[in-house]
Amino acid sequence: MPHATASWLVDNTSLSFEQIAEFCGLHILEVQAIADDTAATKLTGRDPVRAHELTMDEIEKGQANPNYVLKMQKGPEQVRRTKGPRYTPVSKRQDKPDGIAWILRHHPEVSDGAIGKLIGTTRTTIAAIRDRTHWNIANIVPKDPVTLGLCSQRELDALVAKAAKAAGIEAPTDTRLEGDREALIEQLRAERYAASHVPEAQEAAPIEHTAESLFKH
């Protein structure tokens, strides 16, 4: 549950977005969206310390050094699948057609088989959306599958890069953080720090009383 873990780390630590993204296997923009409460769904935080995946000692090392890479104490148990499409929670299944349509529109070089594995769907469904013969085609709106929570940004980037290489074309690069990237990250860190370290109300300066002020009417 990388998104829920990232949500907990954002709310309960002063780790940088980069450290959280690296530990949870997410894109830094996904962590930023969680921190800004602009993620597609409101997440309930998952404590990695209680799950014995991370120790407080590791968190403290990361908070003291922004360049420190957190080490997982125990990886989550992997659920091995032998056959069948990727499992998707029931609440997300209605979003699959929108995610498929987005990939077909923006990355036509990706094969139906690759889309099926990424989204957890069948070739028949993909073909129906591509040919616009899907039973609900009128209500399908292309949406980024990462935003919909159907896959992670890393999974999508890897899929697109692999398909582009097979097709002999240059894979698109993510330029959203180029240019003022460092300035943006520093600004986000400063905003998080300011929000979590609100200065206590200053004590009111003592008022000096004189005989004249005390008896003045």
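Colleague: Which residues does Glu-58 touch, not counting residues up to four places away in sequence?

Modeller: In this predicted model, Glu-58 touches Tyr-68, Val-69, Leu-70 and Lys-71. Glu-58 itself is placed in helix H4.

Colleague: Why is Glu-58 called buried?

Modeller: Its relative accessible area is 9%. The label requires a value under 20%, so Glu-58 counts as buried.

Colleague: What makes the pair of Glu-58 and Lys-61 a salt bridge?

Modeller: The closest N and O atoms of Glu-58 and Lys-61 are 3.8 Å apart. The criterion asks for a side-chain nitrogen of Lys or Arg within 4 Å of a carboxyl oxygen of Asp or Glu, and the pair therefore qualifies. Glu-58 and Lys-61 are separated by about one helical turn, because they lie three residues apart in helix H4 (residues 56–64).

Colleague: How do you know that Lys-61 is partly exposed?

Modeller: Lys-61 has a relative accessibility of 38%. Partly exposed is the range between the 20% limit for buried and the 50% limit for exposed, so Lys-61 belongs there.

Colleague: How many salt bridges does a search of the whole structure find?

Modeller: The search finds five salt bridges. One of them joins the side chains of Glu-53 and Arg-46, at 2.8 Å from N to O.

Colleague: Are Glu-53 and Arg-46 buried or partly exposed?

Modeller: Glu-53 is buried, since its relative accessible area is 6%, under the 20% limit. Arg-46, at 22%, counts as partly exposed, because buried applies under 20%.

Colleague: What makes Asp-112 and Arg-130 a salt bridge, given their closest N and O atoms?

Modeller: Those atoms are 2.6 Å apart, and the limit is 4 Å, so the pair is a salt bridge. Asp-112 lies in helix H7 (residues 112–119) and Arg-130 in helix H8 (residues 123–130), so this pair ties together parts that are 18 residues apart in sequence. Asp-112 is buried at 18%, whereas Arg-130 is partly exposed at 40%. Elsewhere, salt bridges that share partners join Asp-57, Glu-58 and Lys-61 into one network.

Colleague: How many disulfides does the structure hold?

Modeller: The structure holds zero disulfides. Cys-24 is buried, with a relative accessibility of 13%, and Cys-151 is buried at 4%.

Colleague: Which residues touch the most other members of the largest nonpolar core?

Modeller: That core has 22 residues, of which Ile-100, Ile-103, Val-110, Ile-115, Leu-118, Ile-119 and Leu-156 touch the most other members. The elements giving two or more residues to this core are H6, H7, H8 and helix H9 (153–167). H6 gives the most, with five residues. The contacts of Ile-115, leaving aside residues up to four places away in sequence, are with Ile-100, Ile-103, Leu-104, Val-110, Gly-120, Thr-121 and Ile-126. A second, separate core of 18 residues includes Phe-23, Cys-24, Ile-34 and Leu-70.

Technical notes. Residues numbered from 1 in each chain as written. Predicted model: local features only at pLDDT ≥ 70, side-chain atom pairs only at ≥ 80, totals over all residues. Heavy atoms only, no water. Buried < 20%, exposed > 50% of the residue type's maximum accessible area, 1.4 Å probe, protein only. Helix = DSSP H or I, 4+ residues; strand = E, 2+ residues; numbered from the N terminus. Disulfide = S-S within 2.5 Å. Contact = heavy atoms within 4.5 Å. Core = buried A, V, L, I, M, F, W, Y, C linked by side-chain atoms within 4.5 Å.
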